[in-house]
Amino acid sequence: MSAILWQRVEGALVFATALALAWFLNLLPFLGPWWVWVILFFAPDLGFLSYLAGPRIGAAIYNALHLYGGGMAVMAVSAIIETGSSVPFAAGLLWVAHVGFDRMFGYGLKEPTGFADTHLGRIGRR
């Protein structure tokens, strides 16, 4: 298998694991209704608005919002602080799930040359 296919498989596994963990830990009630989960799940994609500042800045900000480590850091800080609320942990888990979801469908980290150029190849029409 190619490295790109392996990364897509990895993304699928991360996505499925994050959602299974959210279900197993019963985190659904902490974020409210289902539509809040959907909004939080797709929130990292708002990073595309940073492309209004140009492709180099856009890629940097978009990529920062599409790293597994960002969501994992939120989860770790939430677990360490133990505020008694599972909201930050659940949000971090959704962040990780979102990144896995994107990778599963071939949406990788952006190159500074343009939004369609990713580390997993070009996206969109060829």
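Colleague: In which helix is the place of A91?

Modeller: This is a predicted model. The relative accessibility of A91 is 27%, so this residue counts as partly exposed. The C-alpha atoms of A91 and K110, 19 residues apart along the chain, are separated by 23 Å. The place of A91 is in helix α5.

Colleague: Is α4 roughly parallel or roughly antiparallel to α5?

Modeller: Helix α4 covers residues 68-81 and helix α5 covers residues 87-104; their axes come within 8 Å and cross at roughly 165 degrees. Angles over 145 degrees count as roughly antiparallel. Therefore α4 is, relative to α5, roughly antiparallel.

Colleague: How many nonpolar, polar and charged residues has the contact of α4 with α5?

Modeller: The crossing of these two helices, α4 and α5, is left-handed. From α4, the residues Y68, G70, G71, M72, V74, M75 and S78 meet P88, F89, G92, L93, W95, V96, V99, G100 and R103 of α5. By class, the contact of α4 with α5 has ten nonpolar, five polar and one charged residues.

Colleague: What is the handedness of the crossing of α1 and α5?

Modeller: Helix α1, residues 3-24, packs with α5 at an angle of about 150 degrees, and their axes are 7 Å apart. That angle makes α1 roughly antiparallel to α5. The crossing of α1 and α5 is left-handed.

Colleague: Which residues of α1 and α5 make the contact, and what are the counts by class?

Modeller: On the α1 side, the contact is made by Q7, R8, G11, A12, V14, F15, A18, L19, L21 and A22. On the α5 side, L93, V96, A97, G100, F101, R103 and M104 take part. By class, the contact of α1 with α5 has twelve nonpolar, three polar and two charged residues.

Colleague: Is H66 buried or exposed?

Modeller: H66 is found in the loop between α3 (55-64) and α4. Leaving aside neighbours within four places in sequence, H66 is in contact with P44, D45, H98, V99, D102, R103 and L109. A residue under 20% relative accessible area counts as buried. At 1% relative accessibility, H66 therefore counts as buried.

Colleague: Which side chain is joined to that of H66 by a polar contact of 3.0 Å?

Modeller: The side chain of H66 also has a polar atom that lies 2.9 Å from the backbone oxygen of Y62. The polar contact of 3.0 Å is between side chains, and the partner of H66 in this pair is D45.

Colleague: Which backbone nitrogen does the side chain of T118 reach at 3.1 Å?

Modeller: T118 is found in strand β2, residues 114-118. With 8% relative accessibility, T118 counts as buried. Not counting residues up to four places away in sequence, T118 touches G106, G108, L109, K110, E111 and I123. At 3.1 Å, the side chain of T118 reaches the backbone nitrogen of L120.

Colleague: What separates the C-alpha atoms of V38 and L94?

Modeller: The place of V38 is in helix α2, residues 34-42. Its relative accessibility is 37%, so V38 counts as partly exposed. V38 and L94 are 56 residues apart along the chain, and their C-alpha atoms are separated by 9.2 Å.

Conventions. Residues numbered from 1 in each chain as written. Predicted model: local features only at pLDDT ≥ 70, side-chain atom pairs only at ≥ 80, totals over all residues. Heavy atoms only, no water. Axes fitted to C-alpha atoms, helices over the stretch in contact; angles between N-to-C directions. Helix = DSSP H or I, 4+ residues; strand = E, 2+ residues; numbered from the N terminus. Parallel < 35°, antiparallel > 145°, perpendicular 65-115°, else oblique. Left-handed = near helix turned anticlockwise from the far one by under 90°. Contact = heavy atoms within 4.5 Å. Nonpolar A, V, L, I, M, F, W, Y, C, P; charged D, E, K, R; others polar. Buried < 20%, exposed > 50% of the residue type's maximum accessible area, 1.4 Å probe, protein only. Polar contact = N/O pair within 3.5 Å; in protein donor to acceptor, adjacent residues only side chain to side chain.
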